[in-house]
Amino acid sequence: MVSRHPWLAEGILEYIRRYELLSRGAESELYLGSFLGQRAVFKLRRRKKYMDPMLDRKIRRTRTFKEARIILQAYKGGVATPRLFGFYPSLYLLVLEYIPGKRMKDVIEESSDLELITLLSRNAGYQLGQVHSSGIVHGDTTTSNFILYRDQLYVIDFGLSDSSKNVEDRAVDLHLFRRSIESTHAKYSDIMYSSFLEGYRENMGSIAEEIIEKAEEIRLRGRYIEERRTVWRDI
Amino acid sequence: MENAATQNSSRNDNEIIILGIESTAHTFGVGIVSSSKPFILADIRKRYTPEKGGILPREVAQYFSTVASDAIHEAFRVSGFSPKDLSAVAVALGPGMGPALRVGATVARALSSHLKIPLIAVNHAIAHIEIARFLTGLKDPIVLYVSGGNTTVTAYNHGTYRVFGETLDIALGNLQDTFAREVGLAPPYIRNGRHVIDHCADNGSFLEDLPYVVKGQDVSFSGLLTAAVRKYEKSPNLLPDICYTLREIAYSSVVEVTERGLAHLGKKQVIVTGGVAASDFLNEKVEIMAKSHDASFIRIPKKYAGDNGVMIALTGLLMYRHGIGFIEPSKAFIKQRWRLDKVPVPWYPDTLG
């Protein structure tokens, strides 16, 4: 690797931080700037000050590398996701295509239109199917990670993703989505999950069933699930 | 406590007084809580400590049945109230270890039948959350609940607490205790108020090759435990480094999941509860995390981090006020796997006081 003056990295970050801050998530800051003349999102993984610096760097490095690789794989696989413009691992920085949409989470919270909610959930299921068909598992399937722009739902944030076609890994994605809607959109969670599965089946075809069944099994592995031990009757 | 004993020779008409019994794990706790100040009237605890190995449910139950009667008597004496002043008895029916739970349930059923007062079934996890909300005054938080048997990130939504993330295998407390036991650091698990892992980690530094596992909103510790024990077997001289790294990874991962919950659910308050909430190290991490998101964080007093009867009485009181959770003594079965998201909490975001 080419060595570099530390002030250069700091200078670049300083420059990016002058851009408009779009959002600050759990682990990264998203800035809206321009890249080779195009509007672009600068995704900067922030330092987690509560972690040992070595652990923090290890996690940020791994996730930045992985995310870049997975975005390319997803794009090739036909997943609706922002394109990758640039990749600067030493800065823990990705530059991505800007999609001026709204988070699915916010759309649902602001709407009480059941038809729209059902449609979005089905679409999310379909898109996750596309992610899985591309040989990827997402790893963080919450409604914050789907963006609605015009009539298209985009999948974002591949920071916890992996290449895998394993049934269990795929099932974890379904399980995470279900739990996330139960904690965020409790009122609609049943209808949302069934529509989500419908969309997932549409994309994945007959292999979907085995994955859906596995997701149910994973759910029952959580702490203190009553259905889990039917042979025991508590007294 | 002495104040309470002299002032409260009998209760006034509107005052609600609840006796709560906790016996889900190692502590037999009896608490008496009132709806008026100073709220907490008695807090008696009898803790079972094994001489070697881990906690055996049968032995705990045996110990509980020998101390139960004394604990109840002490609680009445300290509070200055008599059994006839009670509005109801609350008991933690789960989740927890069967044999231990049965002792508390038996005592509570007997008290309720004998005194002819209602029996209220309290969920132990809900009680940990309620005592933390009450003591910190943070009424609408994201909650990190960590103890020997639980690792859960939860927040209220639409009628109940919802599980945002949890461990997919063993709990954080269990990870620490098991590792300490495997490498010969424990028992005892606590020395001078700190876990033996903390003492061991004091002179350690970070090792690169132990696994950090966060899957979406969930954590997993079994791989970390195995890797840490193997590392120790290969190079015992690295023990301080292994302790440091194990603790760093485990605590960071639960804080990261809490952080994700905070960002995703848009909460502005954070609390930590359960036995591991007594850890300074964990509280410091959570405090730094909360600050970076402009969220409020208040530590709960160490004393109320672990299991106690007060939290059961307090939750019982909130339920009593809303007329829920009443159960016939003959039907008060324990529920070893009682999930917190199955319990309605109609008082939320209110608490006592």
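Is B:His158 buried, partly exposed or exposed? In this predicted model, B:His158 has 13 other C-beta atoms within 10 Å. A residue counts as buried at 20 or more such atoms and as exposed at 12 or fewer. B:His158 is therefore partly exposed.

The backbone at this residue also deserves a look. Most residues other than glycine have a negative phi. B:His158 is not a glycine, yet its phi is positive, at about 50°. B:His158 sits in the loop that links strand E7 (151–157) and strand E8 (160–166) of chain B.

Look for B:Asp294 in the loop between helix H9 (280–292) and strand E14 (296–297) of chain B. With 8 other C-beta atoms within 10 Å, B:Asp294 is exposed.

Now turn to the peptide bonds of chain B. Most peptide bonds are trans. The bond from B:Lys37 to B:Pro38 is cis, with omega near 0°. B:Pro38 lies in the loop between strand E2 (27–34) and strand E3 (40–47) of chain B. B:Gly94 and B:Pro95 are also joined by a cis peptide bond, where omega is about -5°. B:Pro95 belongs to the loop between strand E4 (88–94) and helix H3 (98–115) of chain B.

Chain A brings a helix pair. Helix H4 (residues 114–133) of chain A packs against helix H6 (residues 189–204) of chain A at an angle of about 40°, with the axes 6 Å apart. That angle makes H4(A) oblique to H6(A). The crossing is right-handed. The contact of H4(A) with H6(A) holds 10 nonpolar, 11 polar and 3 charged residues.

Notes:
Residues numbered from 1 in each chain as written. Chains lettered and ligands numbered in written order. Predicted model: local features only at pLDDT ≥ 70, side-chain atom pairs only at ≥ 80, totals over all residues. Axes fitted to C-alpha atoms, helices over the stretch in contact; angles between N-to-C directions. Helix = DSSP H or I, 4+ residues; strand = E, 2+ residues; numbered from the N terminus. Parallel < 35°, antiparallel > 145°, perpendicular 65-115°, else oblique. Left-handed = near helix turned anticlockwise from the far one by under 90°. Nonpolar A, V, L, I, M, F, W, Y, C, P; charged D, E, K, R; others polar.
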